Amino acid sequence: MHHRAPSPSRRTLLTVTAAAAAAAVTGVATPSYAAGDSQDDRLRAILSRMSLEEKVGQLFVMRVYGHSATAPDQADIDANLKEIGVRTAAELVERYHVGGVIYFAWAHNTRDPHQIADLSNGIQRAALAQPTPIPVLISTDQEHGIVARVGEPATLLPGAMALGAGGSHADARKAAQIAGAELAAVGIRQNYAPVADVNVNPANPVIGVRSFGADPEAVAGLVAAQVKGYQRARVAATSKHFPGHGDTAVDSHVGLPTITHTREQWSALDAPPFRAAIAAGIDSIMTAHIVVPALDPSGDPATLSRPILTGILREQLGYDGVVVTDSLGMEGVRTKYGDARVPVLALKAGVDQLLNPPSLDVAWNAVLKAVRDGELTEARLDESILRILRLKARLGLLDDPYVTHAGVDRTVGTASHLAHADRIAEGTTTLLVNEDGFLPLSRRSHGKVLVVGADPASPSGTTGPPTTTLAAALSELGFTAKALSTGITPTAAKIEEAVAAAAGHDVVVVGTYNVSATSPQLTLVARLVATGVPVVTIAIRNPYDVARVSGQRATLAAYSWTDVELRAAVRVLAGRARPKGRLPVPVPSADDPTRVLYPVGYGLSYR
């Protein structure tokens with residue numbers, strides 16, 4: 001199997017860039033290592049001491065239940081035994097020698113910052129007790145906005161599409177630097193962000209506001225800015241989902257999407273953010289479980305495609321960093337091949353890290369068997385392990401993988417970080433409709449506010465509910481505000497309750513959530529408009545709601561229902577901040593998707 005090695009000059013460039021990034025953080029110039037000198041010699045020495053089993057383990061990034069590496073709750077021990085065959089995170093490391101662990105809130109890994117730091121330290125202690133002691137690279141999906149695994153009291157920042165609406169590279173970089181610093185403080189050193197997908201399909205069920213927008217060059221600039229921010233925090237950023245998940249109407253968690261772009265369309269629409277990420281020195285790139293016939297006609301998902309991962313990503317785009325799969329438990333990668341074939345095919349395609357297989361035992365033994373049977377060479381494994389070790393070395397993990405409570409207290413959820421989050425969010429809120437200058441609201445003429453609408457679950461489990469957050473923010477600004485949750489699919493009874501509650505109020509604020517053509521949210525807004533009380537809508541997820549809702553006096557787009565974005569929307573609503581956001585995606589007509597109602601760059605201001 002032929003694998004093209006990057007030229008020494010490119011490697012030297014990458015390591016010099018990493019050294020400069022480290023120097024920017026620490027204030028100390030770190031030596032820049034080129035391939036073949038003492039840094040790589042050190043890593044090859046580690047590699048030479050590893051058993052085949054340790055090498056196989058180093059390729060896997062696995063979930064594990066529990067708030068503690070050694071003493072999780074009994075329910076988490078039971079879940080681990082059932083799914084993984086081990087009791088604890090420490091046992092996972094000991095038995096399978098995993099190179100990475102991914103944290104999830106539902107796995108009870110992320111209760112509070114001190115607990116997360118202790119869990120990370122416990123995992124690292126287990127790793128350094130192995131025959132070949134190699135720290136674990138701990139990762140999570142902390143995109144911010146609608147995907148966040150670590151919640152308050154950590155700082156929660158605006159998500160990608162909100163940052164796209166703000167349009168500021170400096171704000172995007174600062175947001176990533178804050179996000180990265182807080183992750184690093186609790187021992188999470190690889191973040192599966194920023195999303196580099198260009199969201200050109202309003203019907204996309206899985207990306208949407210997780211994307212910076214629909215313009216490839218704008219997305220590319222923001223992706224590069226975030227990569228730089230994470231580098232300053234010494235956290236590995238991961239652009240995803242290569243070769244581009246932006247133009248799909250199928251969620252790869254539950255099916256296998258096909259992207260019908262031609263190679264030319266892919267190069268113009270999907271590739272620019274990934275090129276920008278690579279140019280910025282991105283540490284890892286995540287694959288997509290999507291079929292792109294123009295790039296590989298075999299019908300294999302990109303995660304398992306050698307033409308896409310080796311031919312395009314490695315050879316054409318010149319990327320020699322770590323390639324990580326999207327979760328191997330997702331349906332999109334399991335439809336064509338069995339769970340024992342998937343990890344082997346991914347490695348043959350050019351992947352380095354195998355993320356979260358449904359059965360680690362099946363996947364781990366399949367890779368081991370493939371090497372023993374000669375389908376995969378040990379040299380092929382070594383190539384990936386060297387990439388992983390280089391990344392761990394660049395992050396400083398091989399020198400000291402531990403974190404402290406003092407470091408957590410100094411960094412996580414600080415007043416400065418929270419103030420930056422509010423300031424950044426304030427630049428993202430987008431005013432789409434403002435009939436006769438109805439906004440900003442005056443306390444004198446519209447002091448009594450009823451807030452109704454959707455209350456989706458908090459992405460991190462620590463914010464909201466949105467109607468309560470909106471009402472509380474209005475109350476803080478001197479309005480008399482009452483919240484009534486009507487839900488994503490309001491019932492007839494709940495609509496009647498809202499109509500009755502509107503009486504005696506000066507204005508009704510409605511939080512809308514991904515309104516479809518048949519959504520009862522439309523009935524709710526129409527009935528409230530019919531009361532004669534002025535209605536203002538806030539799109540708390542997709543901005544496309546504005547194309548379906550009618551009769552309101554004003555509409556704001558917040559791009560997410562997390563507190564930081566909703567509070568910013570209220571400050572704009574009340575005139576404490578001016579609306580500065582501009583649409584990063586076009587909003588098409590609900591009746592005719594080819595007709596654009598609100599183009600990219602649209603956004604009203606106050607006179």
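**Exercise 1. In which strand is Asn-434 found?** Determine also whether Asn-434 is buried or exposed, and what its side chain and its contacts reach.

*Solution.* The model is predicted: local features need pLDDT of at least 70, side-chain atom pairs count only at pLDDT 80 or more, and totals for chains, interfaces and linings use all residues. Residues are numbered from 1 along each chain as its sequence is written, and side-chain values use heavy atoms, with hydrogens and water left out.

Step 1. Asn-434 belongs to strand S9 (residues 430-434). Helices (H or I, at least four residues) and strands (E, at least two) are DSSP runs, numbered from the N terminus.

Step 2. Its relative accessible area is 17%, so Asn-434 is buried. Buried means under 20% relative accessible area, exposed over 50%, and partly exposed in between (1.4 Å probe, protein chains only).

Step 3. A polar atom of the Asn-434 side chain lies 3.1 Å from the backbone nitrogen of Phe-438, and a polar atom of that side chain lies 2.7 Å from the backbone nitrogen of Leu-439. A polar contact is a pair of N or O atoms within 3.5 Å; within protein, one must be able to donate a hydrogen and the other to accept it, and residues adjacent in sequence count only if both atoms are side-chain atoms.

Step 4. Leaving out residues up to four places away in sequence, Asn-434 touches Leu-439, Arg-553, Ala-554, Leu-604 and Tyr-606. Contact means heavy atoms within 4.5 Å.

**Exercise 2. Examine the loop between S9 and strand S10 (448-453).** Which peptide bond to Pro-440 is cis, and what is the phi of Asp-436?

*Solution.* Step 1. Pro-440 is found in this loop. The bond that joins Leu-439 to Pro-440 is cis, with omega near 5°.

Step 1. Asp-436 is found in the loop between S9 and S10 as well. Its phi is near 55°, a positive value in a residue other than glycine.

Step 2. Asp-436 has a relative accessible area of 72% and is therefore exposed.

**Exercise 3. Describe helix H6 (residues 113-128).** How many of its residues are buried, and which elements do they pack against?

*Solution.* Step 1. H6 has 16 residues and reaches 23 Å from its first C-alpha to its last, close to the 22 Å expected at 1.5 Å a residue. The expected span of a helix is 1.5 Å times one less than its number of residues.

Step 1. Of the 16 residues, 12 are buried, and H6 is mostly covered. Among them are Pro-113, Ile-116, Leu-119, Gly-122 and Ala-127.

Step 2. The packing partners of the buried residues are helix H5 (89-96), strand S2 (100-102), strand S3 (137-140), helix H8 (169-185) and helix H16 (405-411).

Step 3. At the start of H6, a side-chain oxygen of Asp-112 comes to within 3.1 Å of the backbone nitrogen of His-114.

Step 4. The loop between S2 and H6 holds His-108. His-108 has a positive phi of about 65° although it is not a glycine, and with a relative accessible area of 32% His-108 is partly exposed.

**Exercise 4. Characterise the packing of helix H13 (residues 342-349) on helix H14 (residues 360-372).** At what angle do H13 and H14 pack, and which residues meet?

*Solution.* Step 1. The angle is about 55°, and the axes are 8 Å apart. That makes H13 oblique to H14. Axes are lines fitted to C-alpha atoms, for helices over the stretch in contact, and angles run from 0 to 180 degrees between N-to-C directions. Angles under 35 degrees count as roughly parallel, over 145 as roughly antiparallel, 65 to 115 as roughly perpendicular and the rest as oblique.

Step 1. From H13, Pro-343, Val-344 and Leu-347 meet Ala-363, Ala-366, Val-367 and Ala-370 of H14. The contact residues divide into 7 nonpolar, no polar and no charged. Ala, Val, Leu, Ile, Met, Phe, Trp, Tyr, Cys and Pro count as nonpolar, Asp, Glu, Lys and Arg as charged, and the others, Gly among them, as polar.
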